Amino acid sequence: MVYTKVSIIIPAFNEEATIEAVIERVLAVDINLKKEIIVVNDGSKDKTEENALRVIELHNDKPDVSFKYKRKDNGGKGSAMKLGYSIATGDILICQDADLELFPEDYPNLLKPFFQNPEQRVVYGSRILGGNTMGESAFYFGGRLVSLITSILFGTKLTDQPTGYKIFHKELIPILVNAHHNGFEWEAEITAKILKRKYNIKEVPIRYLPRKVGKKLRWVDGVKIVWTLFKYKIQS
């Protein structure tokens, strides 16, 4: 299978401090494919839009790179991702958080399974396989618990279900866009639906640098995520 373009969707909500650096680092990574960078501003109240548009304007004439920018009312990460996927035209789709916790420099390793196995359709980056146990313990153990529940329910062996790096083949776009949920539980929903359809999720080690303050995930989101996993296990 020949791949020519990767779509990189960057959902952003009040990320004025990091959005420029994220886009710059995405641009700098050499993946030997065309890049379509899609920034979805999920109703930010700060200078996220101003800063994003400034760096886009600066690089708008780069060869083999195209940009799309969308602004929407705040609706949650899932809603932002669904909008981004709905306008993506790449062969492979990468979710890139705008907070600099993850490393775009890991793209080559994340994309490698698609080139090694023509049947591969889903790759998740694993902070656990990458040896990352740092950060706030509640988030670490919460993520391990969600991954364990996912593995038990769907008969798989995932180490990092809540990972920010979820990479998909374009044939999965209908699953991603037509998902019901709009918040953080969107990720649990699509994972459940992908596993129920018997897609193999390949995990690849990634690096992780947790932000010190400002994490948007709360304990109530964890409850919603677990409930979503059980819900889609039961639903036909």
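Residues are classed by relative accessible area as buried (under 20%), exposed (over 50%) or partly exposed (in between), with a 1.4 Å probe and protein chains only. The model is predicted: local features need pLDDT of at least 70, side-chain atom pairs count only at pLDDT 80 or more, and totals for chains, interfaces and linings use all residues. Residues are numbered from 1 along each chain as its sequence is written, and side-chain values use heavy atoms, with hydrogens and water left out.

Lysine 198 has 73% relative accessibility and therefore counts as exposed. Lysine 198 lies in the loop between helix 7 (185–196) and strand 7 (201–205); helices (H or I, at least four residues) and strands (E, at least two) are DSSP runs, numbered from the N terminus. From phenylalanine 13, lysine 198 is separated by 185 residues in sequence and by 33 Å in space, C-alpha to C-alpha.

Helix 2 (residues 48–59) has twelve residues and should span 16 Å at 1.5 Å a residue; its end C-alpha atoms are 17 Å apart, which agrees. The expected span is 1.5 Å times one less than the number of residues. Thr48, Asn51, Ala52, Val55, Ile56 and His59 of helix 2 are buried. They cover an arc of only 130° around the axis, so they sit on the same side of helix 2. The arc is taken over the directions from the helix axis to the C-beta atoms. Exposed Glu57 and Leu58 are carried on the face turned away from the buried side.

Helix 5 (residues 137–154) contains leucine 148. At 49% relative accessibility, leucine 148 counts as partly exposed.
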